[in-house]
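Subject: The structure, and some notes on it

Hi,

Here is the structure I promised to pass on. Have a look at it first, and then read on for my notes.

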Amino acid sequence: LGLSKYYINVKKFRYAAHCICSAKRKISSENPSGISSNSEGKETEDEQTRTINADIDVAFGDLYLAILQTEVERCRENRAPYTENQDIDDSSLLDSDKDLDAKINTTITNFEEGRNVFKLANRHYENSKLFYVLDGHVSKHIVILRNQAELYKSLLYFENDSKRRISMWN
């Protein structure tokens with residue numbers, strides 16, 4: 001997941017998605033049933049799996065947030081749409097990555113496209129907040145809330161209806 005953060009920072013979104021999907025597939029193959037085995041107060045495998053799954057959701061949310069913010073920046077500067085180098089070998093992609101490619105729209109030109117990316121990111125952040133609750137994981141919870149606020153801020157750029165803009169702002 002750490003490598004996906006690097007790829008997000010350098011705007012290689014497809015590589016980041018590949019890293020996150022690989023982590024998701026790895027954790028689901030290692031612990032498909034979520035069986036926990038607690039011995040002498042140690043953190044259970046189930047707890048570790050839940051933590052990793054929450055981190056994966058945060059990583060997906062961060063990926064979609066970065067895509068949305070990149071497109072807002074591009075539109076503000078009137079630059080051509082960002083095109084990622086497609087030099088990744090398709091044979092190395094997981095099946096789930098190929099499905100994910102259809103979901104990842106790195107060119108957002110209107111509100112509907114922006115809202116689709118927003119919904120994906122927000123869903124992942126909401127899923128991660130189920131684990132990172134305010135009571136016990138304050139720092140992570142606050143970071144997630146800030147990222148959700150950034151999602152709304154980025155989506156505002158594409159919204160033309162003033163009533164909806166005001167609703168999102170409040």
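Arg165 sits in helix 7, which spans residues 162-169. Please keep in mind throughout that this is a predicted model. With a relative accessibility of 35%, Arg165 falls in the partly exposed class. Setting aside neighbours within four places in sequence, Arg165 touches Leu156, Tyr157 and Glu159. Leu155 is 10 residues from Arg165 in sequence, and their C-alpha atoms are 9.1 Å apart in space.

Glu159 turns up again in a salt bridge, where its side chain meets that of Arg164 at 2.9 Å, N to O.

Now for the overall layout. Buried residues make up 39% of the 170 in the chain. If you take the contacts between residues at least 6 apart in sequence, 71% of them join residues at least 24 apart. The accessible surface of the chain is about 10,100 Å², and carbon and sulfur atoms account for 49% of that area.The largest nonpolar core has 35 residues, and those with the most contacts inside it are Phe60, Leu63, Tyr64, Leu151 and Phe158. Helix 2 (13-30), helix 3 (45-76), helix 5 and helix 6 are the elements that each give two or more residues to this core. Helix 3 provides the largest share, with 13 residues.

Apart from neighbours within four places in sequence, Asn122 is in contact with Gln148 and Leu151. Asn122 itself belongs to helix 5, residues 111-131, and is buried, with 17% relative accessible area.

What about the salt bridges? How many are there in the count? The total comes to 5 salt bridges, and the Arg164 and Glu159 pair described above is one that meets the rule. Two others involve helix 3:

- Lys140 and Asp55 meet through their side chains at 3.6 Å, N to O. Lys140 is in helix 6 and Asp55 in helix 3, so this pair ties together parts that lie 85 residues apart in sequence. Lys140 is partly exposed, at 40% relative accessible area, and Asp55 is partly exposed too, at 22%.
- Glu71 and Arg74 form a salt bridge at 2.9 Å, N to O. These two residues are 3 apart in helix 3, which means that about one helical turn separates them. Glu71 is buried, with a relative accessible area of 1%, and Arg74 is buried as well, at 7%.

Leu145 counts as partly exposed, with 35% relative accessibility.

I also checked the cysteines. How many disulfides does a search of the whole structure find? The search finds 0 disulfides. Cys19 is in no disulfide, and the nearest cysteine sulfur, that of Cys21, is 9.6 Å away. Cys19 is buried, at 16% relative accessible area. Cys75 is buried too, with a relative accessible area of 16%.

One last item concerns the backbone. Most residues other than glycine have a negative phi. Lys11 is not a glycine, yet its phi is positive, at about 65°. Where is Lys11 found? Lys11 lies in the loop between helix 1 (2-9) and helix 2. With 27% relative accessibility, Lys11 counts as partly exposed.

Best wishes

Notes:
Residues numbered from 1 in each chain as written. Predicted model: local features only at pLDDT ≥ 70, side-chain atom pairs only at ≥ 80, totals over all residues. Heavy atoms only, no water. Buried < 20%, exposed > 50% of the residue type's maximum accessible area, 1.4 Å probe, protein only. Helix = DSSP H or I, 4+ residues; strand = E, 2+ residues; numbered from the N terminus. Contact = heavy atoms within 4.5 Å. Core = buried A, V, L, I, M, F, W, Y, C linked by side-chain atoms within 4.5 Å. Disulfide = S-S within 2.5 Å. Areas by Shrake-Rupley, 256 points an atom, 1.4 Å probe, with all protein chains shown as cover. Salt bridge = Lys/Arg side-chain N within 4 Å of Asp/Glu carboxyl O.
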